Each structure stands twice: as C-alpha cells, then as structure tokens.
Amino acid sequence: MLTTAPALALAAHIVPAGTWLPGPRRAFFPGLAGIGRVDHVALTFDDGPDPRSTPLFLDRLDELHAHATFFVIGSALLRYPRLGREITRRGHEVAVHGWTHNRPWLPNPVRDVHELTRAARVVRAACGAPPLWYRPPYGILTGGRLLAARRAGLRPILWSAWGKDWTADATAASVLTNVRRDLRRGGTVLLHDSDRTSAPGCWHAALEALPDLVDGCRSEGMDVGPLAEHWSLTDDTDATDDHAESAPEQLPLP
C-alpha cells in the first residue's frame, strides 16, 4: 500500500500532461486546444509583460486594428504593473501563464495552488478584472496545475498552432510556415512577446510575422481576436470536453 499510493499520486500528476501532444489534444480535447468559432482565430502571446518588447507588439496590433490575449508571468506583471494596465487599456485581454516559468517535474499541489492564485490576484489588481484563462509554461498541464486552475477560477487553454518563435534562428517566414502548418478555422495561435525564457531577440520574428498572419486570416474571412471572443462564455462546459466547433480546412496563410 505504501508503494501504491505514491505511484497513483505520480500518475495523477503526469497523465494530464499528455495533453501536451498536439495531435491527441486537437482530436480528443478541442476546447483545451483552443478550437472555437470557425469564423475566428484567437491570437495569443506568452511570457510577458516585457518593457523591451511588449510595447512594440501593442503598437503593431494597433496598426493592424487587432486584439489578442496576453498570457503573463505573475512575477513579471508584479514588477511591471503599468505595462499590464496598458495592455488592458488598448483593448487586449490579460491571462495567467503562471507565477514563474518553471517546469513541474515533481508533484506539489500546494505550491501550484498558491502560485496560480497569487498570479490571478496580481492580474486582477494590475488590470482591473479577474483573468479567465490559464496556459501552463511549456504547455505542461499536470494534475496539480489542473486542480490549481480550478481553484483559481481559471480555464486551461493551450493552442492549436504555434510559430516556434522562441529559437535563435526563427524568422518571420519560419513563424508563418509553422503557424500555417497547423492552423485551421477556429484555431488558437501561440506566439511570444518576450524572450525572457527563450533565445535573445527571438521575439523580432513574431513581431515581423504579425501583419501577414493577421491579413492572411482576414483574407479567408476569419476575424482575429482574443480568447474572450473565441467562444460563447455562457458555455459552462470544461475546456477539456469535446464541445468546440471545428473544421478540417487549413488556412492558406501567406
């Protein structure tokens, strides 16, 4: 019995993290993959706020008349609360990316609840509204983090397409190619507005890719916006349930 209980606890911690795999996530958990309205693409950014780069993304989004969801690191927002308020002032949505950008190798549900609750409180204090969404660092949604998200009143959301814009050799062209490979109607795009946890300066690639990404979606009749516009928020079904509308057609982005 002593050996069984730790094994079960470890399984409960690890098994939900299998949703990191993009194929099974899109097939079995479309809500968690961010599959929403077929006439909409959700644009999301991770790892900010960063005073070196986030304002440039806000300016570019203003130029494109587009809005997005920014998944912020709680400790960074605590350091730069004015930047969080500026994100909100410009019409964007602020969500939780964790307190730090750590990897959850071992179960620690008490820590997970404390950190997510603290991050959610910082978002509310800085931005004036409680956050709705949670995306765990590296997309690793462990059992502890799933429980912590529920305790904090946050809905877990990963992504259905990403730009792989965190590498040193990322370019605007490579970001568009990577997004294009997986993006379908109703998808959620993951990009980064900071290089805080990635290759120095890599955010330039995502910034330069934004005009073609947004224009390409719009040319196919897709609105581009934050997650709050991606579903009807009156739907109380869990993000991990198969409730979201999706279609197999791929967006022919430039």
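**Talking through the model**

Mentor: Let me start with E115, which is found in helix α6, residues 109–127, and please keep in mind throughout that this is a predicted model.

Trainee: Is E115 buried or exposed?

Mentor: E115 counts as buried, because its relative accessibility is 18% and the cut-off for buried is under 20%.

Trainee: And which residues is E115 in contact with, leaving aside its neighbours within four places in sequence?

Mentor: Once those neighbours are set aside, E115 is in contact with W99 and N102.

Trainee: Stepping back, how many helices and strands does the protein chain have?

Mentor: The protein chain comes to nine helices and eight strands. Of its 254 residues, 52% are buried, and if you take the contacts between residues at least 6 apart in sequence, 79% of them join residues at least 24 apart.

Trainee: What about the largest nonpolar core, which residues have the most contacts inside it?

Mentor: That core has 55 residues, and those with the most contacts inside it are L43, F45, L191, L210 and L213. Helix α9 gives the most to this core, with nine residues. Apart from it lies another core, of seven residues, which include F71, W133, I157 and W231.

Trainee: Since α9 came up, at what angle do α3 and α9 pack?

Mentor: Helix α3, residues 54–64, and helix α9, residues 203–219, pack at an angle of about 20°, and their axes are 11 Å apart. That angle makes α3 roughly parallel to α9, because angles under 35 degrees count as roughly parallel. As for handedness, the crossing of α3 and α9 is right-handed.

Trainee: Which residues make the contact?

Mentor: On the α3 side there are L56, F57, R60, L61 and L64, while α9 brings W203, A206, L207, E208, L210, P211, V214, D215 and R218. Sorted by class, the contact of α3 with α9 has 10 nonpolar residues, no polar ones and four charged ones.

Trainee: Changing topic, which residues of α7 are buried?

Mentor: In helix α7, residues 143–151, the buried residues are G143, G144, R145, L146, A148 and A149. After α7 comes G153, whose phi is positive, near 75°.

Trainee: How do D47 and Y138 stand for burial, buried or partly exposed?

Mentor: D47 is buried, with a relative accessible area of 2%, whereas Y138 is partly exposed, with a relative accessible area of 30%.

Trainee: One last thing, which peptide bond is cis, with omega near 0°?

Mentor: The peptide bond from G48 to P49 is cis, with omega near 0°. P49 is found in the loop between β1, residues 40–48, and α3, so when you follow the chain there, keep the roughly parallel pairing of α3 with α9 in mind as well.

Technical notes
Residues numbered from 1 in each chain as written. Predicted model: local features only at pLDDT ≥ 70, side-chain atom pairs only at ≥ 80, totals over all residues. Heavy atoms only, no water. Axes fitted to C-alpha atoms, helices over the stretch in contact; angles between N-to-C directions. Helix = DSSP H or I, 4+ residues; strand = E, 2+ residues; numbered from the N terminus. Parallel < 35°, antiparallel > 145°, perpendicular 65-115°, else oblique. Left-handed = near helix turned anticlockwise from the far one by under 90°. Contact = heavy atoms within 4.5 Å. Nonpolar A, V, L, I, M, F, W, Y, C, P; charged D, E, K, R; others polar. Buried < 20%, exposed > 50% of the residue type's maximum accessible area, 1.4 Å probe, protein only. Core = buried A, V, L, I, M, F, W, Y, C linked by side-chain atoms within 4.5 Å.
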